[in-house]
Amino acid sequence: MTNDTMTKGMSRIDGRLKVTGAARYSAEFTPAGMVYAVLVGSTITKGTIRSIDTKAAEKAPGVLAVITHINSPKIAGYQVEPGKQEPAKGTYKLFYNNKILFNGQPIAVVIANTFERAQYAASLVKAQYNAETYQTKLADNTAKAFAPEGDGKKTRGIADAWKTAPVKLEQEYIIPSESHSPMELHAIIAKWDAPDKLTVWTKTQGVQDTQDGIANIFKLPKANIQVNSKFVGGAFGSALQVWPHEVAAILAAQVVKRPVKLVLGRADMFTSVGYRPNTWQKIGIGATTDGKLVGITHEAAGQTSTYEDFNEDPVGVSRSTYACPNVNTVYKISPLDIGSPTWMRGPGEATGAFALESALDELAYALNIDPIELRIINNAETDPDSGKPFSSKYLKEAYKLGADSIGWSDRKAKPASLSKNGWLVGYGMGVGMFGAYRDKASAKAIMMANGTLIIQTAVSDIGPGTGTAMVTIASDIMGIPADRIRFDMGDSSLPQAPSQGGSSTTATVGSAVYQACTDLKESFQKLIGNGGTDKPDYVEVLKKNDLPKLEVTAAVSGGPEMEKYAMYSWSVHFIKVLVHPATGVVKVDKAVCVADSGHIVSPKTARSQIVGGAIGGIGMALMEEVIIDHRYGRLVNNSFADYHLPVNADIPQIEALFVNKPDPYLNPMGAKGMGEIALIGMAAAVANAVFNATGKRIRELPITPDKLVGMEDLLES
Amino acid sequence: MEDEKDYALPGFDTEAKDNSRRNFLKQSTLLTAVALTPGTAIKAADMRLDEKIAEAFEKMPIKLEVNGVAHSLSVEPRATLLDILREQLDLTGTKKGCDHGQCGACTVHIDGHRVNSCLTLGVMASGKKITTIEGLAKGDELHPMQEAFLKHDGFQCGYCTPGQIMSAVACIREGHANSEMEIREYMSGNICRCGAYPNIVNAIQEVKEGAQAV
């Protein structure tokens, strides 16, 4: 699909609201009497609060209250039942005691009648601490790593079989912590409607999961909590749980008896809403001289916090991506005195694929086999991990599409042998895979007397264009134009839908919309009688039957096919880089991303989703790195000036290609997910292209110029 | 619960504060009384008069013309134009992404130039003409840049979009949209985490090459 055909596709249904500034995000509502809350963060990394002085803040103009662990109302869900022990680990409990578990941990919340006053007063809160020694460096703490599940080991065939292969290598790969950094700051407005009834506008990927989360923390009936999140300004995994700042705002609203708005500062976005964890990996890989994989050993140790075990299984990719008879994986996590990590786009797989796809590339050079050819030789025809057939897999077609588009035939097998205008030129590729899932969901379809179709479901849209995809599905089934369809979402009172995550929304919620519309159309056909017609005149039928509207709610879930087949989406990323030999600057000159995502429901938004994920992957490869000053256990680059992520000047035109063949089993639309695979495998594709350009293999991300500088000799030789 | 009026935000007061000088004098007198007589001071504290006095002292009158509408406001000198637009005028189309001038989500036009409103104090903008994303369309008729963003899908989540569009319009007006490379360079102050950059560039190029005035 070319750029031209994409622009002719259906534009986003909420696009007009977004380009006019009329779309309201969580911080943009004004319930009467609303006041402002600002958090105060800990300035030490580990220890206890000895004393906390809030007097000056309390006296500051406009301040309504200052809440700390000393005066915080008891939060019902935090309390340990009498006779039971405090659990060793669990979700962080705000203002629960005087313990400091990480730098920047909220120690107080200040509420005032304007934002400026709250922010100023927050600066007046002073704490005295008893500091303790802490650990924030993963590299020094891998010995403490433990398995989050069982012994953390999984073996297929013979362990460490790669060592017996004629061609083999073993290398370590490291990714730093990365920040989701969505453009919208995490924000919440909390409003108590009655002592046991709450409304929140909050940034969340799932209004009903947030409803559950708040119900558990505050021990309220779920039905008494209304969660609104109609527009979400990006999240990438950072809005999949109820965070401490949300608890703080709800608590504050309870204390001051007014609606409270709390917007995190950009610096807090780096410490308070998770991150992709710093992870060390080691891969041993071996093959026969003709390229058949003999064995893969993939070890990983990632960071977690001291209070929660974060498990994202980065080694899973090595068990399922290629046909390899002997695979053993080891995954451990190491607790550090830093806030908990969380899911970030392509969680686990993005980390694992950097190591696996880099190792495959290294093996290809060692074997002197083209990297695509090596992958085709080892293409898995059935899922090597479960032995089940794939529901669909068109990876080989994806290789061909991408190779043709990037001009793979121009690539030189010998590294550092191409240059252009004083820049070294290289080509690389990498594969991404992610499970294709289908969860439970419900949708209501209502045909109104005026011919407007209303679709309702409690899903969120963090950006991919969920509403647009859902309206496309409804339009196809009902045979009515998209502009006659209204899609209601982001409201916890609507029919059940899961959080937007794991690339499963279209498969899951789309199936519910598909079913609701199919049932609704059938209801009309029954009213018409004689089998109805394929194109009912809905307005006419309602009028004839004297009905103000007709509505159907459908609840769907994955069926037995989920057990029968291994279901994955696949992607292949192709990259052409230019590397400046003297400065080590890497420029992505061309990027082609091919997705095997089943049938593409909404081509225009799908293309943008792939392009956006690719850009996230380029950021991961070349610039993104959360840096901690281990002398203080504190982040040093917690701003957009210092945490580098791609800007417009870093990014060329990116081609998104789709195999566009339906998956026959996952859902009636034939769609598979694409949010994660858009990013997974990209970092390795860039690293592999850099190697092809320079002969330098960078195994620790990001690939910054300091790791490449001083290659002038390459051009002269 | 106190009545609504008591905790209405100062910025939401609709009546113009052109009598602020009189208030100031009245409150100065009161302040003197507070300083001299303990009994009055206690009574004043009970009525939270200290806070009300401080509020008057801390504020400045400003006049802003936003999207053609004149506003007379009383603002704290430390209040940014961004927060005034969002919190006092309820013009939430202008977004807060970093509050440090590093992301461009808060871009507005001040006297025709693109500016980060988070780095602009309200008092600095007094007397100036401000255009926000809400003022770009002519009624129902979208600005060509808004149309182009829709057509080229120049966004996903939409949060950086108002800033991108305001910046894009200025980019063309400044004469910095003569090539794809130049657009990319001059649009690099507006971060888009969803990664809509190529689509944004395509949208700007189309508007630049189109016949419509920006």
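In what order do the elements of chain B run from the N terminus on? I read them off as α-α-α-β-β-α-β-β-β-α-α-α-α. That is 8 helices and 5 strands in chain B. Helices here are DSSP runs of H or I with at least four residues, strands are runs of E with at least two, and both are numbered from the N terminus.

Before going on, I noted that this is a predicted model, in which local features need pLDDT of at least 70 and side-chain atom pairs count only at pLDDT 80 or more, while totals for chains, interfaces and linings use all residues. Residues are numbered from 1 along each chain as its sequence is written, and chains are lettered from A and ligands numbered from 1 in the order in which they are written.

**Chain B**

I looked up burial next. A residue is buried if 20 or more other C-beta atoms lie within 10 Å of its own, exposed if 12 or fewer, and partly exposed in between, with C-beta atoms placed from the backbone. Of the 214 residues of chain B, 47% count as buried.

I then checked helix α8 of chain B, residues 197–209. Its 13 residues reach 18 Å from first C-alpha to last, close to the 18 Å expected at 1.5 Å a residue; the expected span is 1.5 Å times one less than the number of residues. Among the buried residues of α8(B) are Tyr197(B), Pro198(B) and Ile204(B).

I also looked at Glu182(B), which sits in helix α7 of chain B. Glu182(B) is partly exposed, because 14 other C-beta atoms lie within 10 Å. Leaving out residues up to four places away in sequence, Glu182(B) touches His176(B) and Ala177(B).

**Where chains A and B meet**

I counted two residues as in contact if their C-beta atoms, placed from the backbone, lie within 7 Å. The contact takes 60 residues from chain B and 59 residues from chain A. On the side of chain B, the largest share, 6 residues, comes from α8(B). That side divides into 28 nonpolar, 15 polar and 17 charged residues. Nonpolar means Ala, Val, Leu, Ile, Met, Phe, Trp, Tyr, Cys and Pro; charged means Asp, Glu, Lys and Arg; the others, Gly among them, are polar.

**Chain A**

Chain A is divided into domain 1 (35–132 + 183–234 + 239–270), domain 2 (279–436 + 564–716) and domain 3 (439–557), with bounds from an automatic or database domain assignment. In chain A, 18 residues of domain 2 are in contact with 14 residues of domain 3. The side of domain 2 has 9 nonpolar, 7 polar and 2 charged residues. The centres of these two domains, taken over C-alpha atoms, are 37 Å apart.

I then looked up two backbone entries. The peptide bond from Leu701(A) to Pro702(A) is cis, with omega near -5°. Pro702(A) lies in the loop between α16 and α17 (712–716) of chain A.

Phe95(A) has phi near 50°, a positive value in a residue other than glycine. I found Phe95(A) in the loop between β3 (63–68) and β4 (99–100) of chain A. Is Phe95(A) buried or exposed? Phe95(A) is buried, because 23 other C-beta atoms lie within 10 Å.
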